[in-house]
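Here are a few exercises to work through with the sequence and the model open side by side. Try each task before reading its solution.

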Amino acid sequence: MAKNTPSFALSEQEALARFDEIIAADERIEPSDWMPDAYRKTLIRQISQHAHSEIIGMQPEGNWITRAPSLKRKAILMAKVQDEAGHGLYLYSAAQTLGIGRDQMTEDLISGKAKYSSIFNYHTPTWADIGSIGWLVDGAAICNQVPLCRASYGPYGRAMVRICKEESFHQRQGFEILLHLSRGSKAQHDMAQESVNRWYAPALMMFGPPDAQSPNSAQSMAWKIKRFSNDDLRQRFVDMIVPQSEVLGLTLPDRAIRWNEKRGHFDYGDLDWDEFNEVLKGRGPANSIRLERRKQAHDDGAWVREAAAAYAARENKEAMAS
Amino acid sequence: MSSPGGTEHDTWPLWEVFVRASRGLSHLHAGSLHAPDAELALRNARDLYTRRNEGVSIWVVPSSEITTSDPDEKDAFFESPKGKRYRHASYYTEAEGVKHL
C-alpha cells in the first residue's frame, strides 16, 4: 500500500478497518497495533490460562522426579519439568505484551480467579501415570497447540512455535515409558493399562466442551486465534491414538471405538461432561492441593525476589554515584 | 514512539533477550523475561532460551530502553524506498544473458 497516510493517530473506525484487513489477509497483529478490546481480553484470558497450565502442570510430574525408576528417567523427567516452566514463561511474556503485569497474573492464579487446564487436577499415583501424561496429555496438548502456531496474534504464535518444537520429546518419552511397561512383567503391563484407563477420558476432554456448547469458539475462529473447532481437534486426536495404542499393546477404555468407513474416522463414545464441569468448578481430585502448593512456593520465594531487587537497587545506586 | 512491554510495575523489570545461534550470525531477538539486574537477566536467559544449544552468545537489554517506531505511522515512515525499484539488481534487465554480470 503506497497510500500517503499522514502521521496522526487513526480514528477508531479506521483502526478497526485496518485490524480487520490484517486478519483477513492472514497477517499477524503485533503488540503496538490497535486491536478491539474484546480481542485483547480474549487473548489475555487464553494466553494466561495457557501459561498457568504449564506452571501448574509441573506439579503432577514433579512429584515423581525423586522416585523415577532410573537415573536416566530422572534426568529426562527433570528436563521435561524444566521445559514446562520455560513454556509457562514464554507464554507469560506473550500475555504481558497485551498490557497485563506478571505479578497480576500470578495473583489471579493464586487467588483462584484465573483458570488452568482441568487435566492437572488429577492425581499421579503410579509411575505409569508419567507415561500416560506424556503420551495422552502432552499428545492432546500438541494437537491443540500446533494450529496455535498460526494464531493471529504474533507473540502468541511465536511462543507456540518454540513450545511445539520442545513438546514433541515430551510425548515420545511418555510413549516410551508405557511401551517399556507394557512389554515388561504382568504387573508392569497391568500398571500401564490401569493408568491409560484413568487418563483416556480426561485427555479427550482437554479439547473443551462439544462445539454446540462452546460459546466463545466462533468469535475466536473469526479472529483466527483458534483455527479448528474443539470436536475437530478431538477427532484428530482419537484418530492418532487408536493405532498408537495398538503399538503399545494396550486398550483404550471406550467400547464405542471403531473405524467408521463412511466418515473416514474412528467413532468414539460420549464423555462425562458433568465430571468435566465439576473439576472446572474446583471440585476435582487435586484442585486445592495444586493451588495451595503454588501459593506456598510463591510465598516461600518472596524473600528471594525482594533480596534480589534490593541488591539490584543498591548496585544501581553505587553505579550512579561513582 | 513507545517501548515494548516495559510499562508494568512488576517486582522485577522486563528484559529483551537476543541470542547468537552460532559464530558468524547476528544476535536475534528470542523473547523477553523478568530479572532484577543484568547479571541475573543473563543467567535466566541462558536457562530459558538456550536449553538445547540454541546459542553461543546472549545480549540482554532492559525493555524500557528500546524505542520503537510508531505502527500508525507505518506507511509514511517507510515511504521513502517505495517506488524505487532501481535500487534492486533485478531492475536492470538489459544485461540478460551476459556472463559474470
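**Exercise 1: the sheet in chain B**

B:Val17 sits opposite B:Gly31 of β2(B). This is a predicted model, where local features need pLDDT of at least 70 and side-chain atom pairs pLDDT 80 or more, while totals for chains, interfaces and linings use all residues. Residues are numbered from 1 along each chain as written, chains are lettered from A and ligands numbered from 1 in written order, and side-chain values use heavy atoms, without hydrogens and water.

Solution: 
- Start with β1 (residues 14–20) of chain B: 7 bridges join this strand to β2(B), and the two run antiparallel. (Strands are DSSP E runs of at least two residues, helices H or I runs of at least four, numbered from the N terminus; strands pair if DSSP finds at least two bridges between them.)

**Exercise 2: two partners of α7(A)**

Task: At what angle does α7(A) pack against α4(A), and at roughly what angle does α7(A) cross α6(A)?

Solution: 
- Take α4 (residues 71–96) and α7 (residues 154–182) of chain A: they pack at about 160°, axes 10 Å apart. (Axes are lines fitted to C-alpha atoms, for helices over the stretch in contact; angles between N-to-C directions run from 0 to 180 degrees.)
- That makes α4(A) roughly antiparallel to α7(A) (over 145 degrees).
- The contact of α4(A) with α7(A) has 12 nonpolar, 4 polar and 9 charged residues. (Nonpolar: Ala, Val, Leu, Ile, Met, Phe, Trp, Tyr, Cys, Pro; charged: Asp, Glu, Lys, Arg; polar: the others, Gly among them.)
- Now α6 (residues 128–148) of chain A: its axis comes within 7 Å of that of α7(A), crossing at roughly 150°.
- So α6(A) is roughly antiparallel to α7(A).
- The contact of α6(A) with α7(A) divides into 14 nonpolar, 11 polar and 2 charged residues.

**Exercise 3: the lining**

Task: Which residues line the largest cavity?

Solution: 
- A cavity is a set of 1 Å grid points where a 1.4 Å probe fits but cannot get out, and lining residues have an atom within 4 Å of a point.
- The lining is A:Pro60, A:Ile119, A:Phe120, A:Tyr122, A:Ile133, A:Val137 and A:Trp199.
- Sorted by class, that lining has 7 nonpolar, no polar and no charged residues.

Definitions and conventions
1 Å grid on protein atoms, 1.4 Å probe; cavity = no way out; pocket = protein on both sides within 12 Å on 5 of 7 lines; lining within 4 Å. Parallel < 35°, antiparallel > 145°, perpendicular 65-115°, else oblique.
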